[in-house]
Amino acid sequence: MSHKVLSGTFIAFGNLERTFPRMVSAVIAAYNILPKPVVIQAGPNLTAFEGLSGVSAFRSCDSTEFSGYINSSTLLIIHGGVGATKEAILAGRRPAIFVRSANLGEHIDEHQKDWCHILFESYLAFDATDVCKLLDFVRQGEFFQRNLEAATELFDDSALREELHSKINSYLQR
């Protein structure tokens, strides 16, 4: 039986067409201690990584490429979007998540804050709000899920569907 060898860091800023200076600064500050190679899906932040040697940075990638980077990387540093976080967690990783904030002009609202709060409380993801927190996370090296069953249960679509159907039926029977 062959085992996939994991290496490096994958950083995903997402597809929102807004720069994310807080995450850019933290990634650059942590660059020297990140597992190599470093691959960055940078979105509109692409030019910020032009001076870093050994970095493969690009604006966007398709879902197959994205999944490949998630599944082959040791460390994941991602934005707080549902798709990216779900894929990272179900791949068995404990990603460092930068939640975009509307108050800082990084997003249109605060929905990522509400969503990610559940992940942080459940120890499924790490709240990387700034440079110091990211550096601590990288140094600790806890990049993998301790309880993959709990992570899988959180994203169990069948359970969510069953609950939704139950609520709809209850409402219709009134």
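This is a conversation about how to read several features of a predicted protein model.

Biologist: Where do we begin, and what rules apply to the values?

Modeller: Residues are numbered from 1 along each chain as its sequence is written, and side-chain values use heavy atoms, with hydrogens and water left out. The model is predicted, so local features need pLDDT of at least 70, side-chain atom pairs count only at pLDDT 80 or more, and totals for chains, interfaces and linings use all residues.

Biologist: How many helices and strands are there in the protein?

Modeller: Helices (H or I, at least four residues) and strands (E, at least two) are DSSP runs, numbered from the N terminus. Here there are 7 helices and 6 strands. Along the sequence they follow the pattern β-α-β-β-α-β-α-β-α-β-α-α-α.

Biologist: What share of the residues is buried?

Modeller: Buried means under 20% relative accessible area, exposed over 50%, and partly exposed in between (1.4 Å probe, protein chains only). In this protein of 174 residues, 40% are buried. The protein exposes about 9600 Å², and carbon and sulfur atoms supply 53% of that area. Accessible areas come from the Shrake-Rupley method with a 1.4 Å probe; for residues, only the protein chains shown count as cover.

Biologist: And what do the contacts tell me about sequence separation?

Modeller: Contact means heavy atoms within 4.5 Å. Taking the contacts with a separation of 6 or more, 62% are between residues 24 or more positions apart.

Biologist: Let's zoom in on a helix. Which residues of α3 are buried?

Modeller: In α3, residues 82-90, the buried ones are A84, T85, A88 and I89. They cover an arc of only 120° around the axis, so they lie on the same side of α3. The arc is that of the directions from the helix axis to the C-beta atoms. After the helix comes G92, with a positive phi near 90°.

Biologist: How do I describe the way two helices pack?

Modeller: Two packed helices are described by the angle between their axes and the distance between the axes. For α2 (residues 63-72) and α3, the axes come within 9 Å and cross at roughly 40°. Axes are lines fitted to C-alpha atoms, for helices over the stretch in contact, and angles run from 0 to 180 degrees between N-to-C directions. The two helices are therefore oblique to each other. Angles under 35 degrees count as roughly parallel, over 145 as roughly antiparallel, 65 to 115 as roughly perpendicular and the rest as oblique.

Biologist: Which residues make that contact?

Modeller: From α2 they are F66, S67, I70 and N71, and from α3 they are A84, E87 and A88.

Biologist: What does F66 touch?

Modeller: F66 sits in α2 and counts as buried because its relative accessibility is 13%. Not counting residues up to four places away in sequence, F66 touches F10, A12, C61, A84 and E87. F66 and E87 are 21 residues apart along the chain, and their C-alpha atoms are separated by 9.3 Å.

Biologist: And what is A84 in contact with?

Modeller: Leaving aside neighbours within four places in sequence, A84 is in contact with F66, I78 and H79. A84 is buried, with a relative accessible area of 7%.

Biologist: At what angle do the axes of α1 and α5 cross?

Modeller: The axes of α1 (residues 21-30) and α5 (residues 131-140) cross at roughly 45° and come within 9 Å, so α1 and α5 are oblique to each other. S25, A26, V27, A29 and A30 in α1 meet V131, L134 and L135 in α5.
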